[in-house]
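Here are some notes to read alongside the structure.

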Amino acid sequence: MRHFLLAVVFALSAIVAPLAASAQSTVESAVGDIDAFWAQQFANAGLAYTSPNLRAIDSTTDTSCGPIDPYMSPGAYCAADDTVYYSTAWAPDEPGSEILWWTVLSHEWGHHIQWQVDTGVTSVFASEQQADCFGGAYMRHAENVGLVSPEAVSMALSLTQSAGDVWFFLPADSPAHGNKAQRALAFMTGMNGGVTACGFPG
Ligand SMILES: [Zn+2]
């Protein structure tokens, strides 16, 4: 499944030309816009915003949340050290990988948002669905400001959907993120309604 997803990512990357050139790394560029988007959402709601830490990992790394294996997931958020981790073992931080990083990091940023402010989620499943919803809201924003193409937003939706929990992972892996339909619906709720439709106060 993981290798299939990676193959999909690179197949998609090959046909998504980035619309924004930057001297920053691909991840820094993606993160800069995601962070600015959220700073604006907080300002609109009259709330104070603090950016999370960002750290690349390429081998198993001890964090305040325990060890993180970079081969298990392209990204992770640890509330205890308020850090978004991203795996350069999963995919390179270089041009051509934009669509993966936009998709992954906008989701992980969503968990940072949940740590910053009460967004009304009370279960792991609800928090994962809301992070997908926040990802969809961000991607539609990125499209609206001309940072990504409508096709890129569709591909982010496809990537999110393809990472849905599947029956053959059970019971060893808990179905925390929701199935393909649930993940796609959550992402589309954010695309169509923005962050307040996901539960962000405002
Ligand atoms: Zn998540």
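1. Of the 202 residues in the protein chain, 41% are buried (20 or more other C-beta atoms within 10 Å of the residue's own, with C-beta atoms placed from the backbone). Please keep in mind that this is a predicted model, where local features need pLDDT of at least 70, side-chain atom pairs count only at pLDDT 80 or more, and totals for chains, interfaces and linings use all residues. Residues are numbered from 1 along each chain as its sequence is written.

2. For orientation, the protein chain has six helices and five strands (DSSP runs, H or I of at least four residues for helices and E of at least two for strands, numbered from the N terminus). Starting at the N terminus, their order is α-α-β-β-β-β-β-α-α-α-α.

3. The largest nonpolar core has 45 residues (buried Ala, Val, Leu, Ile, Met, Phe, Trp, Tyr and Cys joined through C-beta atoms within 7 Å). Ile34, Trp102, Leu105, Phe134, Met139 and Ala156 touch the most other members. Helix α3 gives the largest share, eight residues. Among the other elements that give two or more residues are α2 (26-44) and α4 (124-144).

4. Beyond its neighbours within four places in sequence, Ile34 is in contact with Leu105, Ser106, Trp109 and Tyr138 (contact puts the C-beta atoms, placed from the backbone, within 7 Å).

5. Now the sheet. Three strands form an open, mixed sheet in the order β1-β5-β4 (two strands pair if DSSP finds at least two bridges between them). Its edges are β1 (53-57) and β4 (75-78), each pairing on one side only. β1 runs parallel to β5 (residues 83-87), with five bridges, and Ile57 has Ser87 in β5 as its bridge partner. Helix α3 (residues 98-116) packs on this sheet and touches β4 and β5, its direction making about 10 degrees with that of β4.

6. Finally, how do α5 and α6 pack? Helix α5 (residues 150-162) meets helix α6 (residues 180-198) at an angle of about 145 degrees, with the axes 8 Å apart (axes are lines fitted to C-alpha atoms, for helices over the stretch in contact, and angles run from 0 to 180 degrees between N-to-C directions). On the α5 side the contact uses Val153, Leu157, Thr160 and Gln161, while α6 brings Lys180, Arg183, Ala184, Phe187, Met188 and Met191.

Key
Two residues are in contact if their C-beta atoms, placed from the backbone, lie within 7 Å. A residue is buried if 20 or more other C-beta atoms lie within 10 Å of its own, exposed if 12 or fewer, and partly exposed in between; C-beta atoms are placed from the backbone.
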